[in-house]
Amino acid sequence: MMARCIGSNGLKNVEYSRFAYEMVVSSLGEGWQQWSELVSENELDEIISFCDPIRTTAHSVVVLGIGGSALGALAISNALMHLRHKELPEEKRKAPKFYVEDNIDPERMESLFDVIDVGKSYFIVITKSGETGETLSQFLMMYAKLSARLGDKAREHVMAVTTIGKGTLYDIALAEGFKIFGIKKGVGGRFSVFSPVGLVPLACVGVDIKGLISGAAKAKEYCVSPHIDENPALMMAALNMSAYRKGRNISVIMPYADSLRFMADFYAQLWGESLGKKYNLLGETVNVGQTPVKALGVTDQHSQIQLYTEGPLDKVITFLTVSQFRNVSVIPNDKRISGADFLKGHTLNELVNAEYFATAYALKKAGRMNMTLEISSVTPQTIGELVAVLMYQTAFAGAMLNINAYDQPGVEEGKKEPSL
Ligand code: PA5
């Protein structure tokens, strides 16, 4: 990121105001920053004891929700479950198949009912407002099919995660007798993954939610540090915002691990919806925000990297890397095959890391700002830490831009009842 490393296109120093830091840290746990108050051991136990029977009996668990009500569970389940979980034979799969339905494409919705056994599935309907049209339409479709199959027992296969006492889903859940988990008023959609919004579906498919929360708690300890060198969230926010002031309007997130692929989707929503704002906190028109772009290493080395290396100087690339993959995959040293000797006997682990390093080096040589967030390995603890760091980073960046990172008027506008 720095001029001393990449030359004159880099940053001479990392700027951030102490006031922005204080703004976030002094009001953690209050107002819209209630996401930083992590659930208690008792709340975790309650979730686990309700969800465990579902984990052991359901064939499929389906989340019906969109945006912040879907992406956290999607990103974390993809990181922590077998990468081909749904395709595993039943005896090897230790948890139900997991579907996060965050779209209303008619073909996708119908195809879901072709692959799941509705009567042996469990549905978690998640909407904080209780009013989102996409989620309610999915619910209505699902509940009609489920009731046709199970009659009165259908209600035992549905859970609602919503705001207690408010909204259409809450009313339906009460009337139908669904189990309800509540979402606190001060926890916004894209900051809700450590609430029942993320924890309930993850517990239903056997993710270690206690490990996840312990990782988030660890991150909280260093994310409140005023020392930027000890606080990666503050550091990355300051780097990104310093770069933004130098015209880097695009923030590319590029995990070098398939397990982190949907972390890029999670980040894109968090960064885009939180920071893309018309007004600052003084009510002045500012039209700010860095556009998030998703990429995947090494795949996108063969597509987008050309643009990042030689295209406009408008991007910051953040690599997400893993030092220890959960497997070691050896490239056989097959003597019968002539050629490709440079690969033989090495591992895919070495190759993917070498390719990341070469890409970061090529960007550095081309004077392109890039930074790397490395996690030691993918575990519930490190994923909890990573997600928390991304949320704190977003909160700090919002304060640095002097905008409200927690509202989404542009989204609400588009959510007004579509005329059907
Ligand atoms: O981050 C947000 O606030 C949004 O992305 C919401 O999560 C999304 O619009 C879904 O809203 P709801 O949970 O009310 O259905």
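You're looking at a predicted model, so local features need pLDDT of at least 70, side-chain atom pairs count only at pLDDT 80 or more, and totals for chains, interfaces and linings use all residues. Residues are numbered from 1 along each chain as its sequence is written, and side-chain values use heavy atoms, with hydrogens and water left out.

**The two domains**

- The chain is assigned domain 1 (3-28 + 224-415) and domain 2 (31-209), with bounds that come from an automatic or database domain assignment.
- Taken over C-alpha atoms, the centres of domain 1 and domain 2 sit 28 Å apart.
- In the contact (heavy atoms within 4.5 Å) you'll find 35 residues from domain 1 and 21 residues from domain 2.

**Where they meet**

- The size of an interface is often given as the accessible area lost when the parts come together.
- Here domain 1 and domain 2 bury about 2,400 Å² between them, with 66% of it on carbon and sulfur atoms; buried area is the accessible area (1.4 Å probe) that two parts lose on being put together, summed over both.
- Phe-262, Met-391 and Tyr-406 supply 28% of the area that domain 1 buries against domain 2, more than any other three residues.
- The interface has 13 residue pairs in polar contact, both residues at pLDDT 80 or more. That term means a pair of N or O atoms within 3.5 Å; within protein, one must be able to donate a hydrogen and the other to accept it, and residues adjacent in sequence count only if both atoms are side-chain atoms.
- On the side of domain 1 that touches domain 2, α2 (18-25), α11 (261-275) and α14 (380-401) each supply at least two residues, and α14 gives the most, with 10 residues. Helices (H or I, at least four residues) and strands (E, at least two) are DSSP runs, numbered from the N terminus.

**Salt bridges**

- The structure holds 20 salt bridges, each one a side-chain nitrogen of Lys or Arg within 4 Å of a carboxyl oxygen of Asp or Glu.
- Across the interface of domain 1 and domain 2 there is 1 salt bridge.
- Glu-37 pairs up with Lys-220, their closest N and O atoms being 3.6 Å apart. Glu-37 lies in the loop between α2 and α3 (41-57) and Lys-220 in helix α9 (residues 209-223), so this pair ties together parts that are 183 residues apart in sequence.
- Glu-273 and Arg-190 also form a salt bridge (3.1 Å, N to O), and both residues are buried. Buried means under 20% relative accessible area, exposed over 50%, and partly exposed in between (1.4 Å probe, protein chains only).
- Asp-341 and Lys-344 are another pair, at 3.0 Å between the closest N and O atoms; Asp-341 is exposed at 55%, while Lys-344 is buried at 16%.
- Glu-41, Asp-45 and Lys-210 join up in a network of salt bridges.

- The peptide bond from Gly-297 to Val-298 is cis, with omega near -5 degrees, and Val-298 sits in the loop between β9 (291-294) and α12 (305-310).
- Asn-287 isn't a glycine, yet its phi is positive, at about 45 degrees. You'll find Asn-287 in strand β8 (residues 285-288), exposed at 54% relative accessible area.
- Ala-340 has a positive phi too, near 55 degrees. Ala-340 belongs to the loop between β10 (315-324) and α13 (348-365) and is partly exposed at 44%.
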